[in-house]
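Here is a short report on one protein model. Look at the structure first, then read on.

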Amino acid sequence: MELRVLGCSGGEAEGERLTGLLVNGCVAIDAGSITAALAVEEQVQIQHVFLSHSHLDHICTLPFFTKNIFGHTHEAVEIHALPETLDALRRHLFNDELWPDFSVIPSPNDPTIRYTEIEPGRTYHVCGLHITPIRVNHLVPCVGYKVDDGKDAFIFTSDTAETDQIWEVANATPNLRIVITEASFPNEQAWLAEASKHLTPAALGAELKKLRRDVPVRVYHLTPGDKATMLPQLQALGDPRISLLAQDERLAW
């Protein structure tokens, strides 16, 4: 399995792309940076996009992606997401006001993208991968994902505050190689993290006590302007499993 980090920032700035992962070149997890990180030739290889939730930093390149792949794919790209997330896409994005509705273009029977509802806890089999959405605790309905190719697995928590189930899944995954999780605001902004259902470094430290596996924990979603403050706070946790996820990083197992 190859995992490519298209973007992993909690905000957009020069050199900082929004959330997006690419697995084996054909499955995207979130869509904050598909078109910013990939050539068109790479974009047309994507067959499935699994969205964690509806927040803009996780979906914002979908419109430009649909335009880029239009006419260059043989099958509709499947957009997998919770029903609430798909409803937000239909009402607020692909609504013929902000962007054309590519779920019916060029025709309803031959669309560019196709919406597919997912159910937390159910495993989906695509491109040789077993992908399981896991409900997490965020401001809007949200899932993280376990991605498993039968040999190796990783977990992406997506955006979350304190939660339990995804750590239980991690502990029960014998072939787990890495966990990608978030810290969005410095400890001094714990009130903002609580209000928006994100984690501070201190809150992340408490969450990681639930993870009983000695696997690397890669942290993403730091707010660009607060990174200098947050790095010492993450280091102060003293957890040797922790390091930052890096944009354009490629992991292979």
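Why does P174 count as exposed? P174 has a relative accessible area of 69%, and exposed means over 50%, buried under 20%, and partly exposed in between, with a 1.4 Å probe and protein chains only.

## About the model

This is a predicted model, in which local features need pLDDT of at least 70, side-chain atom pairs count only at pLDDT 80 or more, and totals for chains, interfaces and linings use all residues. Residues are numbered from 1 along each chain as its sequence is written, and side-chain values use heavy atoms, with hydrogens and water left out.

## Around P174

P174 lies in the loop between α5 (165-171) and β13. Helices (H or I, at least four residues) and strands (E, at least two) are DSSP runs, numbered from the N terminus. R213 is 39 residues away from P174 along the chain. Their C-alpha atoms are separated by 9.1 Å.

Strands of a sheet pair through backbone hydrogen bonds, either parallel or antiparallel. Two strands pair here if DSSP finds at least two bridges between them.

Angles run from 0 to 180 degrees between N-to-C directions; axes are lines fitted to C-alpha atoms, for helices over the stretch in contact.

Now take strand β1 (residues 2-7). Five of its six residues are buried. β1 runs antiparallel to strand β16 (residues 250-252), and three bridges join them. Here E2 has A252 as its bridge partner in β16. β1 also runs antiparallel to strand β2 (residues 20-23), this time with four bridges. R4 stands opposite L22 in β2.

β4 pairs with strand β5 (residues 77-81) in the parallel sense, over three bridges. In this pair, F50 stands opposite H80 in β5. Contact means heavy atoms within 4.5 Å.

Another open sheet of seven strands has the order β9-β10-β11-β12-β13-β14-β15. Its pairing is mixed. β9 (124-126) and β15 (242-244) stand at the edges with a single partner strand each, so one side of each has no neighbour in the sheet. The twist averages 25° from one strand to the next.

Strand β12 (residues 153-156) and strand β13 (residues 176-182) run parallel, joined by four bridges. I155 stands opposite V179 in β13.

## A buried charge: D57

Where is D57? D57 lies in the loop between β4 (48-50) and α3 (62-69). D57 is buried, yet has no salt bridge. A salt bridge is a side-chain nitrogen of Lys or Arg within 4 Å of a carboxyl oxygen of Asp or Glu. The nearest side chain of opposite charge is K227, 13 Å away. In this count Lys and Arg are positive and Asp and Glu negative, while His and the chain ends are not counted.

D57 does have a polar contact: 3.4 Å joins its side chain to that of H58. A polar contact is a pair of N or O atoms within 3.5 Å; within protein, one must be able to donate a hydrogen and the other to accept it, and residues adjacent in sequence count only if both atoms are side-chain atoms. Leaving aside neighbours within four places in sequence, D57 is in contact with L18, T19, G32, D159 and H221.

Most residues other than glycine have a negative phi, and most peptide bonds are trans. N24 is not a glycine, but has a positive phi of about 55°. N24 lies in the loop between β2 and β3 (27-29). At 34% relative accessibility, N24 is partly exposed.

K197 is not a glycine either, and has a positive phi of about 60°. K197 sits in the loop between α6 (190-196) and α7 (201-208). Its relative accessibility is 31%, so K197 counts as partly exposed.

Which residues does a cis peptide bond join? The bond lies between I105 and P106, with omega about 5°. P106 belongs to strand β6 (residues 106-107).
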